[in-house]
Amino acid sequence: EQMTQGLANGVPPAALQGFRIAQVTQDSISISAPLEHTWNGAGIGFAGSLATLVAYTGASMAGQANKRAGYPTANAFCATGTIKYVDKVADPHYYATARIKGGEEAYAVFEKEMQEIGKARLLCEVKCYSGGKVCVEFEGSWGCNDPARSKRGNVRYSQCVHRCCSCIAGV
């Protein structure tokens, strides 16, 4: 419940959609959402709402990986994403589950890079289910960094005043 409240406080659109943290394990996170109110004219889940659900679920997995690695205040920015709408499902409730692509082996590399250099790339796979079927698949990469070790601290690169090479490159 505390994580759901944090999601609602930190991400107002999620609060409006009714997103709830459904389950957290060491290697996955699931978010549920009652999205019947967003159905499009064909009576199925609106693509924008489903995309938002899978993107937030992936970002939440990146946040969990940061916390697990010992960096609870680390930033996670979605660098790339690919979405595939698989099946048209008209069910009032949707669940998205994210996992680190490559499992524990990939997490170990992520953790080591965070410890050694304070930044790392994390690949996540997200599947959105409704009515027992996968309706959306999302794969994204998140750039994560420890603001305590970043040249620009906790300032977004677009707001960085010194515009050094690493800030311009977004690394």
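Modeller: Let's start from Thr57, which, leaving aside its neighbours within four places in sequence, is in contact (heavy atoms within 4.5 Å) with Ile29, Ile31, Ala96, Thr97, Ala98 and Val126. Please keep in mind that this is a predicted model, in which local features need pLDDT of at least 70 and side-chain atom pairs count only at pLDDT 80 or more, while totals for chains, interfaces and linings use all residues. Residues are numbered from 1 along each chain as its sequence is written, and side-chain values use heavy atoms, with hydrogens and water left out.

Thr57 sits in helix 3; helices (H or I, at least four residues) and strands (E, at least two) are DSSP runs, numbered from the N terminus. With a relative accessibility of 0%, Thr57 counts as buried; that word means under 20% relative accessible area, with exposed meaning over 50% and partly exposed in between (1.4 Å probe, protein chains only). Between Thr57 and Ser28 there are 29 residues in sequence, and their C-alpha atoms are 9.6 Å apart in space.

Ser60 also belongs to helix 3, which covers residues 47-68. Ser60 counts as buried because its relative accessibility is 17%. The Ser60 side chain comes to 2.8 Å from the backbone oxygen of Tyr56. This is a polar contact: a pair of N or O atoms within 3.5 Å where, within protein, one must be able to donate a hydrogen and the other to accept it, and residues adjacent in sequence count only if both atoms are side-chain atoms. Setting aside neighbours within four places in sequence, Ser60 is in contact with Ile29 and Ile31.

Those partners lead us to strand 2. Six of its seven residues are buried, so strand 2 is largely enclosed by the rest of the structure. Strand 2 pairs with strand 4 in the antiparallel sense over seven bridges, where pairing requires that DSSP finds at least two bridges between the strands. In this pairing, Ala96 of strand 4 is the bridge partner of Ile31. Strand 1 (residues 20-24) is antiparallel to strand 2 as well, over four bridges, and here Ile21 stands opposite Ile31. A hairpin of three residues joins strand 1 to strand 2.

Now step back to the nonpolar core, a set of buried Ala, Val, Leu, Ile, Met, Phe, Trp, Tyr and Cys residues joined through side-chain atoms within 4.5 Å. In the largest one, which has 31 residues, those touching the most other members are Leu53, Val54, Phe110, Met114, Leu122 and Cys128. Elements giving two or more residues to this core include strand 2, helix 3 and strand 4 (93-100). Helix 3 gives the most, with six residues. In soluble globular proteins, nonpolar side chains tend to be buried together.

Of its 171 residues, 37% count as buried.
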